[in-house]
Amino acid sequence: MADQRVDVVVVGAGFAGLTAARELTGAGRSVVVLEARDRVGGRTCTEEHLGTWIDLGGQWIGPGQDRIVALVDQLGLRTYPQTEAGDDVILDGDGARRVANVAFGFDDDELTSYLELVGALEAIAEQVPLEAPWSAPRAQEWDAMSLAEWVRTRGVVERVAGLFEVGVQAVFAASSAQLSLLHAAHYLHSAGGWSKLTDSEGGAQQDRVEGGMQPVAEQLASRLPEGTMRLFHAVTSIAQHDDGVRIGVSAPAGPTELDADRVVVAVPPTLAGRIAYDPPLGAQRDQLVQHMPQGSVVKFHVLYEEPWWRDEGLSGMVLAPGEPIGVTFDCTPPAGRPGLISGFFEGPAAVAAGEQTMEERRDVVVDVLARAMGERARDVAGYVDRDWSAEPFTRGCYGAHLPPGAWTVYGPALRRPIGRIHWAGTETAEHWTGYIDGAIDSGQRVAAEVLAALGG
Ligand SMILES: Cc1cc2nc3c(=O)[nH]c(=O)nc-3n(C[C@H](O)[C@H](O)[C@H](O)COP(=O)(O)OP(=O)(O)OC[C@H]3O[C@@H](n4cnc5c(N)ncnc54)[C@H](O)[C@@H]3O)c2cc1C
């Protein structure tokens, strides 16, 4: 006998698992959520540093992300806009130059070329079905090439290609050489277009939640029925029987087991593949998660006494093609102090940064900021970063991506339940896959699926 039997065990207390638990308990089902970490929120994580809260993981929400916007509203939390006032800085082979708008300082020809490139990608994206990208009319052709190969066929000049690549790595945390064109197109469609993904105002970086994003997850968890949440409970095995499923757990007091009618696995695909299944999962599902690596991100925050760059008419945004850090933002809290510049090592640069110490990464970041924004950038009050690939219960961000040839061969296994096992997590979402909104979407979808399987 296992230690307890419930209707549903949910594995993982990120936004996907917590949403599934909320829907299932709301429908009267008994649920236990097993979370490996000592906290809920998964890829969102808010910590206090130098007297201010800092989002080390997911932080922004934007228009079209109806589920997270509604949740923040229901919980009575306040949002504030990402500041954009001031000039951005582009740091590239020509040195640092200030640009006044999103046109990146392109000349007319470059701007036309950039807009044509993005337009052509969006035209492909619109033809990719959200629920089944492998069934797109030219799915085989689009999945046979990387996004980088496709960009080369467009013949854009180096400066346009370079800034497009900064955008790609900011969105996918992987280089365009690592992504199938079909995957990139599906991702764009899932969000509603390129500018939705890359813009602040009107896009995915528009708003922040006061106090940070992880507290939203904490509030979700605190509203679950007593006894639902178990922290420090890492699921190691899932065994299916004729009359249920047995979950093996590594917990502080030693190994334990739970029985359930159904299990929802709401962890990143890579980690879902590390659970031991009995009977073993079919080849298509196992191969799918072998072909879904997480992207690579080190998110950093440089603290200053005050946001000094605002006095100099700068926005705090630096775009730096060719540098280890791709993009930065002014993330100063609404109180106005301390000044905070946040940004990312992404894709291959994040993999390399993961081999450095935090002090070495700080030196790299501060040097780039000083060359881009001026010597005052060296006068730092603090630095903190998080290498998400090194986190044992995440192993990379922002989400997973599929290389050429994977969607069309293994894609159909993404959401298909296997016996009593159901799959959730932002990577399984049709809308805003890779985002917090997508995680909630997947939690709602999987809860409906489980309730139908349980007879309502
Ligand atoms: C640096 C960074 C910046 C980001 N920026 C944004 C942003 O601005 N806006 C946005 O919308 N999204 C952003 N994202 C992405 C967003 O955070 C994720 O899409 C979302 O949080 C994923 O939620 P999830 O529930 O699907 O997965 P997760 O949050 O990964 O949740 C999975 C949970 O499962 C747990 N777990 C793993 N293995 C086991 C196991 N064996 N047993 C039990 N528990 C386990 C994990 O600890 C975790 O809590 C960002 C992510 C990162 C890392």
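**Pockets, cavities and cores**

A: The second largest pocket has a volume of about 160 Å³, and of the 13 residues that line this pocket, the closest to its centre are Val166, Gln169, Gly322, Glu323 and Gly326. This is a predicted model, in which local features need pLDDT of at least 70 and side-chain atom pairs count only at pLDDT 80 or more, while totals for chains, interfaces and linings use all residues. Residues are numbered from 1 along each chain as its sequence is written, and side-chain values use heavy atoms, with hydrogens and water left out.

Q: What do pocket, cavity, lining and volume mean here?
A: On a 1 Å grid over the protein atoms alone, a cavity is a set of points where a 1.4 Å probe fits but cannot get out, a pocket is an open set with protein on both sides within 12 Å along at least five of seven lines, and lining residues have an atom within 4 Å of a point. Grid points are joined across faces, edges and corners, and a volume is the space filled by probe spheres set on the points.

Q: Which helix gives the most to the lining of the second largest pocket?
A: Helix 6 does, with four residues; helix 6 (158-172) and strand 17 (325-330) each supply at least two, where helices (H or I, at least four residues) and strands (E, at least two) are DSSP runs numbered from the N terminus.

Q: OK, how many cavities of 30 Å³ or more are there?
A: The count comes to four, and the largest cavity holds about 80 Å³ of space. Its lining has 14 residues, with Val267, Pro269, Arg285, Ala424 and Thr428 nearest the centre, and helix 11 supplies the largest share, three residues.

Q: And what about the second largest cavity?
A: The second largest cavity has a volume of about 70 Å³, and its lining includes His183, His186, Tyr187, Trp407 and Glu427. Helix 7 (residues 181-191) provides the largest share of that lining, three residues.

Q: Switching topic, how many residues are in the largest nonpolar core?
A: The largest nonpolar core has 67 residues, and Tyr114, Leu147, Trp150 and Phe164 are among those with the most contacts inside it. Such a core is a set of buried (under 20% relative accessible area, 1.4 Å probe, protein chains only) Ala, Val, Leu, Ile, Met, Phe, Trp, Tyr and Cys residues joined through side-chain atoms within 4.5 Å.

Q: What does Phe164 touch, leaving aside neighbours within four places in sequence?
A: Phe164 is in contact (heavy atoms within 4.5 Å) with Tyr114, Leu117, Val118, Leu121, Leu147, Val151 and Trp194.

Note on methods
Buried < 20%, exposed > 50% of the residue type's maximum accessible area, 1.4 Å probe, protein only.
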